[in-house]
Amino acid sequence: MRVIPALYTLALLQIFLISSAQPQSTTSPYDSVDPLIGTAGGGNTFPGATLPFGMIQWSPDTNTDAWYRYDEKQLYGFSLTHISGAGCPLYGDFAVLPKTDQLTISKGTVTVHVPFDRRDEQAHPGYYAVTLTDGVRVELTVGERAGIARFTFPNGADAGLIVNAGSSANSIANGEDNSRIREAFGDHIEVYADGSFSGWTSAGRFCGSDSHYKLYVAGKFSRSQKSASLWQDDSLESKAASGKHTGAWFDFGKEREILLKVGVSFVSEAGARANMEKEIPGWDFERVHQQAEGKWSTLLNRVAVEGGTDEQRKIFYTGVYHSFLSPNLFSDDDGQYIGFDEKVRSLAGTKQKAQYANFSDWDIYRNTVQWQALFEPESESDMMQSLLNDAEQSGWLPKWEAANDVTYVMGGDSPDTVLSSAYAFGAQNFDTGKALEYMVKGGTQPGVGPHHDSERPFLADYLKLGYSPIDRDIGAASHTLEYASDDFAIAQFAKAIGREDEYHRFLKQSENWKTLLDPETHWIRPRNADGSWLAGFDAERSLPKRPNVPVPSDQMGFEEGNTYQYSFMVPFDYPALFAAMGGEHVVESRLDHFFTALRCWGKPCFNIENEPDFVTPYAYVFFGKPWKTQDVVTRIGKETFKAAPDGIPGNDDLGATSGVYVWNALGFYPAVPGVGGLVIGTPMFDKATLSFAGGRTVVVSREGQGIYVQQVELNGVPYASSWLPISKIRTGTNQLQFKMGTEPNMQRGTASEDRPPSFR
């Protein structure tokens, strides 16, 4: 048993004593959010204006990748579309940039950036404002599919605005093999007699994939311009510009204040214009701002925490905010959207209210879909139906779907787990029969989908051998583990909807992880197709290294990680894993070693920066040592997150990394894919009131100092289990009360009946 150092225990006690001495904050949840958190240090979040799951994200870009880097000093514009925290650039369409000097054309390019020193920068949910170096004040606020900007120029200054139709992060090369993409490549903008404009841009190639999207934009100014010029590369046009790198320059003379409203659509310019006029019919900037603030406040107020420090509350509420940014609306206000088959589709006559896009499935299945399903099951159900619509149009469930295309980013068949977990946590208003049909197809039928790629690469080997072989698949071990998780999630989904045959089939298939548990080293170890084990394997040194990959420290057979970081990624079968590793005492020793560091690549230690490790702190609970989980999750919150631009450890991945902090702070975590239950940890705040959908409220409270759980009561009755099924959260108010202490309670949670259940 690991002995917790006395000095470390004393330090934790001091942290909580200091926290308890802080005055209770009166800052609202809305005002506690800081969208600048995560804009440095690789978090890749954006600080601009958007609504929950909104189609438009109007935000500043400090580089041509449509990212906002807090330490960068150039501003390339305020573009209309972004995703939060992804590891590769995407969107950044139709950037708008105010200028107090004339448009400059030189050496075949248009100068479309200005110095940026962030004077008077303000970022709040649904609103962003900044004063640029030249004195122009920029304010942005939005509806769901439209936005309005207010530009205030210095007295006597020239007032100009650039609308850059070619600002998208990823252009489609002219030599693209896919003819559909090649023909659609480019951008277009047109200015009309009344000074309004419209256009489109075609881009994609997320993370180097062949993916593609086309976005339409319509815009209108509150003032007539003195003149308007258009460009295509370095050529000035008159009425319209089409091709590559087009844009428009609007000269407003000496105007002091200019308002610009825009609408976006993935269907048509007419759709973009209709979205704009429906959501923002007039020019009342403050009204749109107040509506945006009201929508965010209503949602954030459903997660009301008390206690903790101001910094903890700021990190927490920013994490909650990030958890509601994606997926994003993809259908217009009239219900039309562009399908995976490039046909205009309509939701008219269906029970679905909206189509959604941008599913970072490999990331969000860990903790994000569960959160969204508890709070917004109607929207989450529409999101699940959106995936099924995509499958109907393309033949397969889309893996890491962006707009109306599939990118195949990351391993696994994660749409299965997204669908299953959303259903388990309450988002159940979608075609479950069709969902299972496509899950089964993806898990049993090797085949080729869009862009000649597969939902499950190396599936034939996986079905025949029980694993993906390393001599054919460089990410073999991680693929095998992800597929096993996907199969378990399919099994749980099938069981929930009464399909016993599929349940038993996929439950058995989910045991395939065992084929890679090396009986000699007791680690997950890649194998060749002939059954032999990968040579040169060394768990302690993460050898052999994986060649020619973005992260050169990866171990052979593992995607962005190593055997230490992947072997514990089977929480659905922990008892079997622990036995195969040599018993709980061996596992405990390995985990203690694993958590000596919390952020690392290429070494045998925990990495909060990558999703496979997110669940591992809760492994202790499964063999009766919950106080060690309580120790580790407290360290993660204190040592790896902070209320600063670089305060998110690694990419936020559409809210998944923020979700670790949010769930841990509340005192539980959705550890098992496809299962509606939570593993109990340790609560950070004195009180948290969670207003779930369906009239269900959970009040989590803590009494006493320290991080270690001494006793738990559910609705006033002692609750010995470390597992909380979602089914126990009933309509009305549910009280989950923690009694805390400064020393571990080494009795609670140790009995086998008090541990999380076995699913075999």
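Trainee: Which residues in α8 meet residues in α9?

Mentor: Val-369, Gln-372, Ala-373, Leu-374 and Phe-375 in α8 meet Pro-377, Glu-380 and Met-383 in α9, where contact means heavy atoms within 4.5 Å. These residues divide into six nonpolar, one polar and one charged (nonpolar: Ala, Val, Leu, Ile, Met, Phe, Trp, Tyr, Cys and Pro; charged: Asp, Glu, Lys and Arg; polar: the others, Gly among them). This is a predicted model, in which local features need pLDDT of at least 70, side-chain atom pairs count only at pLDDT 80 or more, and totals for chains, interfaces and linings use all residues. Residues are numbered from 1 along each chain as its sequence is written, and side-chain values use heavy atoms, leaving out hydrogens and water.

Trainee: At what angle do the axes of α8 and α9 cross?

Mentor: Two packed helices are described by the angle and the distance between their axes. Here the axes of α8 (residues 368–375) and α9 (residues 377–394) come within 6 Å and cross at roughly 130°. The helices are DSSP runs (H or I, at least four residues; strands are E, at least two), numbered from the N terminus. Axes are lines fitted to C-alpha atoms, for helices over the stretch in contact, with angles from 0 to 180 degrees between N-to-C directions. α8 and α9 are therefore oblique to each other (under 35 degrees is roughly parallel, over 145 roughly antiparallel, 65 to 115 roughly perpendicular, the rest oblique).

Trainee: Is Arg-118 buried or exposed?

Mentor: Arg-118 counts as buried, at 11% relative accessibility (buried is under 20% relative accessible area, exposed over 50%, partly exposed in between; 1.4 Å probe, protein chains only). Its phi is near 60°, a positive value in a residue other than glycine.
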